[in-house]
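These notes are meant to be read beside the coordinates.

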Amino acid sequence: MESIGIIVAFWALAVTTVGAALGVLVSRNLLHAIFFLITSFLGMAGLFITLSADFIAAAQVLIYAGAISVLLVFAMMLTPLASRDNANSLYLAPGALAGLGLAAIVGFVAVDTPWAELAGSTLAERSFPDTVRTIGAQLIGRYVLAFELASVLLLFALIGAVVLVHDRAAERGAAAAAEEAGTGPREEAT
Amino acid sequence: MIPEEFGRAAVLTAFALAFPALPLGASYLFYRLKIRPSNPDPVKSATYECGVEAEGTAWGRFNVRYYLFALGFVIFDVEVIFLYPWAVVHQEAALSALLKAAIFVGVLAFGLAYVWRRRALEWR
């Protein structure tokens, strides 16, 4: 059932993802660590595609490889120089412990789940051509209110960002200067 | 099946990786074989051979005002992930789907208009 291309793609992507994740740990330069993290995210997106989860793959590329990494890069740009190396952490032992625990859980699930049963009739019953189409139909159908409310949430985030970052005093000064020049807004809506 | 449809993307990705990797690998190989001469000069080893000369290092601290643009990018990036499933299905429910997306984009356009009016997009 599984073609050779999928198997090759899986191993290539798995090596990329895990290798890049190791690179995040090993590299001393924080920016290099972020680039390795982006590579790891992209490899994850490829793995999602091999699992026929195309919407999650797109979300992975857009949100993780796009938005999250941009925030990481900006966070690094705004930090003082001294804290910009990928320094040793006090949390090495607890982190290793948590990682091992997580690996044990995932391994247990992988071994314990009866994959053969899932692959048979259940999979044929629930055959879905692609996930995006189903999600899209639900978004403009049953869950249209949530879809529209999501835009309101994003609007709040945008306004919140402006309110937090924007310098009010500078704004007033600039508005007054523009008023004198005759190009500014007619009134200040605050 | 989905994975097979992305086979082309995999081929393109492999090509895109090989395209810069081949000359770099060849250059290193020729250097190892002592075929490639090594005559560096200041112009050749400049970061940008033409254009504005780089000043200082890239490791300075950046103005916090850039953060607003990063957040703006993130917000409209998240908007895209909502519009992507809509774009796949919108032809099946043409007019109502268009209206729903118009409301969605309209609310965000209102936010953009607000930001614009507050003159937060200007560099001062």
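1. Of the 124 residues of chain B, 19% count as buried, where buried means under 20% relative accessible area, exposed means over 50%, and partly exposed lies in between (1.4 Å probe, protein chains only).

2. Basis of the values. This is a predicted model, in which local features need pLDDT of at least 70 and side-chain atom pairs count only at pLDDT 80 or more, while totals for chains, interfaces and linings use all residues. Residues are numbered from 1 along each chain as its sequence is written, chains are lettered from A and ligands numbered from 1 in the order in which they are written, and side-chain values use heavy atoms, with hydrogens and water left out.

3. Overall form of chain B. The radius of gyration of chain B is 24 Å, whereas a compact globule of 124 residues would have one near 14 Å; the radius is taken over C-alpha atoms, and the globule rule is 2.2 Å times the number of residues to the power 0.38. Along its principal axes, the C-alpha trace of chain B spans about 70 × 50 × 20 Å. Chain B is divided into domain 1 (1–60) and domain 2 (63–124), with bounds that come from an automatic or database domain assignment, and the C-alpha centres of these two domains lie 35 Å apart.

4. Secondary structure. Chain B has four helices and zero strands, and chain A has eight helices and zero strands; helices (H or I, at least four residues) and strands (E, at least two) are DSSP runs, numbered from the N terminus. In chain A, buried residues make up 31% of the 190 residues.

5. The second largest pocket. Which residues lie nearest the centre of the second largest pocket? They are A:Leu13, A:Gly46, B:Ala9, B:Ala10 and B:Thr13, out of a lining of 24 residues, and about 750 Å³ of space lies in this pocket. On a 1 Å grid over the protein atoms alone, a cavity is a set of points where a 1.4 Å probe fits but cannot get out, whereas a pocket is an open set with protein on both sides within 12 Å along at least five of seven lines, and lining residues have an atom within 4 Å of a point. Grid points are joined across faces, edges and corners, and the volume is the space filled by probe spheres set on the points.

6. Composition of that lining. The largest share, seven residues, comes from H1(A). The lining divides into 14 nonpolar, nine polar and one charged residue, with Ala, Val, Leu, Ile, Met, Phe, Trp, Tyr, Cys and Pro counted as nonpolar, Asp, Glu, Lys and Arg as charged, and the others, Gly among them, as polar. A:Ala12 lies in helix H1 of chain A and is partly exposed at a relative accessible area of 42%; the C-alpha atoms of A:Ala12 and A:Gly46, 34 residues apart along the chain, are separated by 9.6 Å.

7. Positive phi values in loops. A:Ser52, in the loop between H2 and helix H3 (54–77) of chain A, has a phi near 65° and counts as buried because its relative accessibility is 12%. B:Lys34, in the loop between H2 and helix H3 (66–89) of chain B, has a positive phi of about 60°, but B:Lys34 is exposed, with a relative accessible area of 73%.

8. A:Asp54 lies in helix H3 of chain A and counts as buried at 6% relative accessibility; its C-alpha atom is separated by 6.7 Å from that of A:Val132, 78 residues apart along the chain. A:Phe156, in helix H7 (residues 144–165) of chain A, counts as exposed at 56% relative accessibility, and A:Phe156 and A:Arg28 are 128 residues apart in sequence and 37 Å apart in space, C-alpha to C-alpha.
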